[in-house]
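Me: I've got a model open and I'd like to talk it through, one question at a time. Here's what I'm looking at.

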Amino acid sequence: MDKPKVFYTATATATGDGRNGHVATDDGLIDAELATPKPLSKPSKTNPEQLFAAGFSACFNSAFQMTAKRAKAPLTDSQVTAKVGIGPVGLKGGFGLAVTLQVRTEGVDQATAQELAEAAHQVCPYSNATRGNIDVKLEVTAA
């Protein structure tokens with residue numbers, strides 16, 4: 001795989017007790033206390049999975065809209081919800097992620113929406129970074 005010609009670098013630093021610590025970007029736009037997710041309670045602080053879901057959903061929606069524009073599709077709106085799950089993998093005590101991307105569109109039929117989502121999945125940087133490492137499921141709905 002070719003290496004990207006980097007034109008932007010985001011910088012964030014985590015401190016404290018990892019998942020129960022603090023994360024901030026060098027520009028101050030993200031400055032958040034972190035907490036380990038607890039499946040049966042409402043979170044009081046953000047966690048890395050939420051930050052990953054926010055980034056993946058925004059990036060994929062951008063790739064989807066770019067793909068629609070390139071295809072000259074009559075897309076009028078799109079929305080991407082990323083659901084990021086975490087759980088144990090194998091017997092060695094490691095953990096892994098699973099992602100479901102729920103794509104909702106307006107202005108295109110179901111077949112076109114599915115084609116655009118699959119094309120976006122080939123160009124989205126998050127998709128490219130996770131391919132082969134994380135199970136990513138696409139759920140596409142044309143409204």
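Predicted model: local features only at pLDDT ≥ 70, side-chain atom pairs only at ≥ 80, totals over all residues.

Me: Let's start with the overall layout. What pattern does the chain follow along the sequence?

Reply: The secondary structure comes to three helices and six strands. The C-alpha atoms fill a box of roughly 50 × 35 × 30 Å along the principal axes. Read along the sequence, the pattern is β-β-β-α-β-β-α-α-β.

Me: How much of the chain is made up of buried residues?

Reply: The cut-off for buried is under 20% relative accessible area. With that cut-off applied to the 143 residues of the chain, the buried share comes to 30%.

Me: Now the sheet with S1 in it. Which strands stand at its edges?

Reply: This is an open sheet of three strands with antiparallel pairing, in the order S1-S2-S3. A strand with a single partner has one side left without a neighbour in the sheet, so the edges are S1 (12–17) and S3 (31–33).

Me: Which residue is the bridge partner of Thr 15 in S2?

Reply: S1 and S2 (residues 20–25) run antiparallel and are joined by six bridges. One of the pairs puts Asp 17 with Asn 20. For Thr 15, the partner in S2 is His 22.

Me: And on the other side, what does His 22 stand opposite in S3?

Reply: S2 and S3 also run antiparallel, here with three bridges. The residue in S3 that His 22 stands opposite is Glu 33.

Me: Which residue takes a positive phi in the hairpin of S2 and S3?

Reply: The hairpin of S1 and S2 has two residues between the strands, and there Gly 18 takes a positive phi near 55°. In the hairpin of S2 and S3, five residues sit between the strands. The one with a positive phi, near 80°, is Gly 28.

Me: On to the other sheet. In what sense do S5 and S6 pair?

Reply: The order here is S4-S5-S6, an open sheet of three strands with mixed pairing. S4 (77–89) and S6 are the edge strands, each pairing on one side only. Val 103 stands opposite Val 140 in S6. Over eight bridges, the sense in which S5 and S6 pair is parallel.

Me: What angle does the direction of H2 make with that of S6?

Reply: H1 packs on this sheet and touches S4, S5 and S6, with its direction at about 140° to that of S4. H2 packs on the sheet too, touching S5 and S6. Its direction and that of S6 make an angle of about 150°.

Me: How far apart are the end C-alpha atoms of H2?

Reply: H2 (residues 110–123) has 14 residues, and at 1.5 Å a residue they should span 20 Å. The model agrees with that expectation, as the end C-alpha atoms are apart by 20 Å.

Me: Within what arc do the buried residues of H2 fall?

Reply: The buried ones are Ala 113, Leu 116, Ala 117, Ala 120 and His 121. An α-helix has 3.6 residues a turn, so residues three or four places apart point the same way. Those buried residues pack against H1 (48–70), S5 (94–106), H3 (125–130) and S6 (135–142). Seen down the axis, they line one face of H2, so they fall within an arc of 145°.

Me: Which residue's backbone nitrogen does the side chain of Asp 109 reach at the start of H2?

Reply: A side-chain oxygen of Asp 109 does the reaching, to within 3.3 Å. The backbone nitrogen at the other end belongs to Ala 111.

Me: Is Thr 67 buried or exposed?

Reply: Thr 67 is in helix H1, and a polar atom of its side chain lies 2.8 Å from the backbone oxygen of Ala 63. Beyond four places in sequence, Thr 67 touches Leu 116, Ala 119, Ala 120 and Val 123. Its relative accessible area is 10%, under the 20% cut-off, so Thr 67 is buried.

Me: Last one: what distance separates the C-alpha atoms of Ile 134 and Val 99?

Reply: Ile 134 lies in the loop between H3 and S6 and counts as buried at 18% relative accessibility. Leaving aside neighbours within four places in sequence, Ile 134 contacts Phe 52, Leu 97, Ala 98 and Val 99. Although Ile 134 and Val 99 are 35 residues apart along the chain, their C-alpha atoms are separated by 7.2 Å.

Definitions and conventions
Residues numbered from 1 in each chain as written. Heavy atoms only, no water. Pairing = 2+ DSSP bridges. Helix = DSSP H or I, 4+ residues; strand = E, 2+ residues; numbered from the N terminus. Expected span 1.5 Å × (residues − 1). Buried < 20%, exposed > 50% of the residue type's maximum accessible area, 1.4 Å probe, protein only. Arc of directions from axis to C-beta. Contact = heavy atoms within 4.5 Å. Polar contact = N/O pair within 3.5 Å; in protein donor to acceptor, adjacent residues only side chain to side chain. Axes fitted to C-alpha atoms, helices over the stretch in contact; angles between N-to-C directions.
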